[in-house]
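This report describes a structure for a reader who is new to the subject. Please look at the sequence and the model before reading on.

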Amino acid sequence: MAEIQNLARGMPVDVAQVNRSLKTLWEQEGNVLTKASLINFAVYSEAADALSVNTQLMEQITREHACRVILLAANPAASKERVQAWISAHCHVTRAGARQVCSEQIAFLLDGGGPDVIRNILFSHLDSDLPLYLWWQGEFSNRIDQQLWSWVDRFFFDSHSWREPAQQMKILRASVASASSRSVLCDLNWRRLVHLRLALAQLFDHPWVSRNIHTIRALDVTYNPENWTTAVLLTSWLARQLRWELAEKSDFEYRFQWAKAGAPVRVKLTALPGPSIGQIKVQLAGGELEVEWSGNFLATTLKNAFYLKQMLPAGGTTLASLVHDELVRGGEHKTYLAALKIAEELWKSE
Amino acid sequence: MTEKLPVNPLREGLASRAMPEPCSVVIFGATGDLTHRKLVPALYNLAADGDLPPGLSVVGFARRDKTDEVFRTELEEAARKFSRQTINEDLWKVFASSISYHRSEFGELEGYRRLSEKLNQLDKDRGTRGNRLYYLSAGPDQFENILTNLKNSGLAEASPGSWARAIVEKPFGTDLSTAQHLNGVVQHSFDESSTFRIDHFLGKETAQNIMVLRFANSLFEHLWNERYIDHVQITASEQLGIENRAGYYEGAGALRDMVQNHLLQLLCLVAMEPPTDLSADSIRDEKVKVLRSLRRMRREEVTRSVVRGQYAAGSINGKPVVGYREEKNVKPESMTETYVALRVLIDNWRWADVPFYVRVGKRLPKGGTEIGIHFKNAPGVLFNRDKSGVRDGSQNVLVIRIQPDEGVSLRMQSKVPGASVRIQPVKMDFNYGTSFGKASPEAYERLLLDAMAGDATLFARRDEVEEAWRFIDEIEEAWVGENQPGLTFYPSGSWGPTEADQLIEGDGRAWRRL
């Protein structure tokens, strides 16, 4: 017990002996701890402090999602090829009480080497028969290895961190096209919007809104200056779902028009410090819908002949909570893929 | 011309279940225990999860005089105590603003007319469009009063394009004839599609998982029949006694309180054929077929296949506890059973001669509800040669744990490492808490949401309830009159009367050790 709990920093092991070392470790622990795993969760990063940052992140994620964690910290610029490995475990007391449930973690530091090394290291350390989720942190410099891609069940990334989202999405699409992959694209930037989408959808459940939906003429979105891509994704989703067609665009203001009817819809994005998306206002004939942050909740308001206010969960804003949300909700993200077509158009610089 | 959009285009990709429309929920018996312990905490949790429809209103209907403010304060205290999620001040404030109180006698028509005016006003203020959900949480002796007045005041009738539904809490009668009478009263006011008979066991995650386990996996269903299954055990044990429910329990007993509804529902889920689809009626059709196939018991069969017991004084968790007859408000000569064990047979092709052993009891050593599927022994040709006649321990057993510690385990035989061939049972265990960190919602949350959305899958249909009573009544009838099978006694803290052990041991089997 003491030994495994001291493993938070990781125990260095020979790369060829990782699986054997893990087995020995669990044998020593006997019945005290329960090892659990539902997925292989691999995280790839080229950031300098990737191992420590991601170990902390996975410590949070494994609280609710038992998995085999495989951290891949790559330093492609290193002159000499070398692979180092550490093993550790994230142990948490279950809700039921005394029993500790552990997710094992294997961390690799990959100096030099290319896609072959990544693929081999990852494939040789998967827990068999479990799905593979790969979280690619940062940007893509090239297409993702075709064979690796074909093994990935869910591919996590965050379009929010991309400097050139349109260009990055092009590489990603090329990777998807290169393999007959069944991988689901899981954009954490899209996940960032889920509670806002739910809040808006709930307002649209109201019979008065459904009756007046075609009278929407303006949408105002306030977003954190860091989250322009997020605001564009939100706009694209609304445009796709409500069948608006793009008529005119600048960086912060768009003109759409309702398909067939042709009535105009003005969309204005305003950057303000605060939450990723601070406020959404939708103007309809005879009323207004509003979603805005209020503490840890989203306050939704419907103003017309009557005034209805509700508080809805806003969800977490940390990376760990976004990943958690994604793991809980799953889905194929067809709505995202449909909205993405518009977002890519809006992301393109003039 | 505008393009026709789905009802709510923003819901696409967000929800896999039907979202409820805005509505008013009226709780009859709003000052009672169920409202405080279960209903309001469940509604609050739904609000906290963002699952309530916009504009929802909650109206408490009860006899005591009190203001909206006092009612809200009482509910807030209850929610703080019983909600699975911590109460957030801001959220509670907004949620509480949707709650109001309506004082009236249950039998006073004028009170219902005033309720109608109030609900109409709420429709105008909150856009609930005349959708109403009436929750009958008052004592069963008030059901008729409430339902008749709902009809006479016009509240049971939905305006065009709207709906009016009633949730009826158990007990659905005390025998077949009272159940039929109650169903008649309910259907005089609400048609069957608008009637939701609640059995909270069906709202539990693991009960819902039984169908998934059976029909979403190719592994089990091929073995799920009399060729491979030796017998099935369904156990619901409680450490608790009757607490403060003597008034109800004296007239009910374990058979009516637990077996007629909860345990027969679980039995149906285990024994039913695959439904043609997942609609409420397809599933309930299959459950009714099982109930109709239960072999009826005549008096002599009841003596052979049913054991009833009552707890005597004993010890629970090291503390002495009194016997049932010494409990407050229980008659000293009470014949009410607190334990019952039954051997049930299902006369259909799939389950011919496969006994289902069902037992339920209070003041047992530990609490839990489990289903054990005991598979037949492997042929005694290679490894089981010297074990003839000893069944327990060598059978494969699939256990579905309904509560607590929800999960599924499979017991199988394995070779003990070593030079000699020694076989020992081992257990593969799936545990909800370990595999899915997410807390399951309370059964009432799921059921309230389903009723708002009009999904009756997890609610009992009229014919289900009546078929279950038809089966139970024959046992109850055998227990009264001359030559009735005796009531046996068991010490609190034991696993029930020895007669229950003999019931299953007489068949060459043994109760599972929980």
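## The model

This is a predicted model, in which local features need pLDDT of at least 70 and side-chain atom pairs count only at pLDDT 80 or more, while totals for chains, interfaces and linings use all residues. Residues are numbered from 1 along each chain as its sequence is written, and chains are lettered from A and ligands numbered from 1 in the order in which they are written.

## Chain A

Chain A has 12 helices and 17 strands; these are DSSP runs numbered from the N terminus (helices: H or I, at least four residues; strands: E, at least two). Along the principal axes, its C-alpha atoms fill a box of roughly 70 × 45 × 35 Å.

Of the 350 residues in chain A, 41% are buried. A residue is buried if 20 or more other C-beta atoms lie within 10 Å of its own, exposed if 12 or fewer, and partly exposed in between, with C-beta atoms placed from the backbone.

## Where the chains meet

The contact takes 47 residues from chain A and 34 residues from chain B. Two residues are in contact if their C-beta atoms, placed from the backbone, lie within 7 Å. On the side of chain A that touches chain B, α8(A) gives the most, with eight residues. By class, this side of chain A has 25 nonpolar, 13 polar and nine charged residues. Here Ala, Val, Leu, Ile, Met, Phe, Trp, Tyr, Cys and Pro count as nonpolar, Asp, Glu, Lys and Arg as charged, and the others, Gly among them, as polar.

## Two helices of chain B

Helix α7 (residues 205-215) and helix α9 (residues 246-271) of chain B have axes that come within 9 Å and cross at roughly 20 degrees. Axes are lines fitted to C-alpha atoms, for helices over the stretch in contact, and angles run from 0 to 180 degrees between N-to-C directions.

Ala207(B), Ile210(B) and Met211(B) in α7(B) meet Leu266(B), Leu269(B) and Val270(B) in α9(B). This contact has six nonpolar, no polar and no charged residues.

## Nonpolar cores

A nonpolar core is a set of buried Ala, Val, Leu, Ile, Met, Phe, Trp, Tyr and Cys residues joined through C-beta atoms within 7 Å. The largest has 175 residues, and those touching the most other members include Phe28(B), Val259(B) and Val340(B). α9(B) gives the most to this core, with 12 residues.

Apart from it lies another core, of 50 residues, among them Tyr44(A) and Ile61(A).
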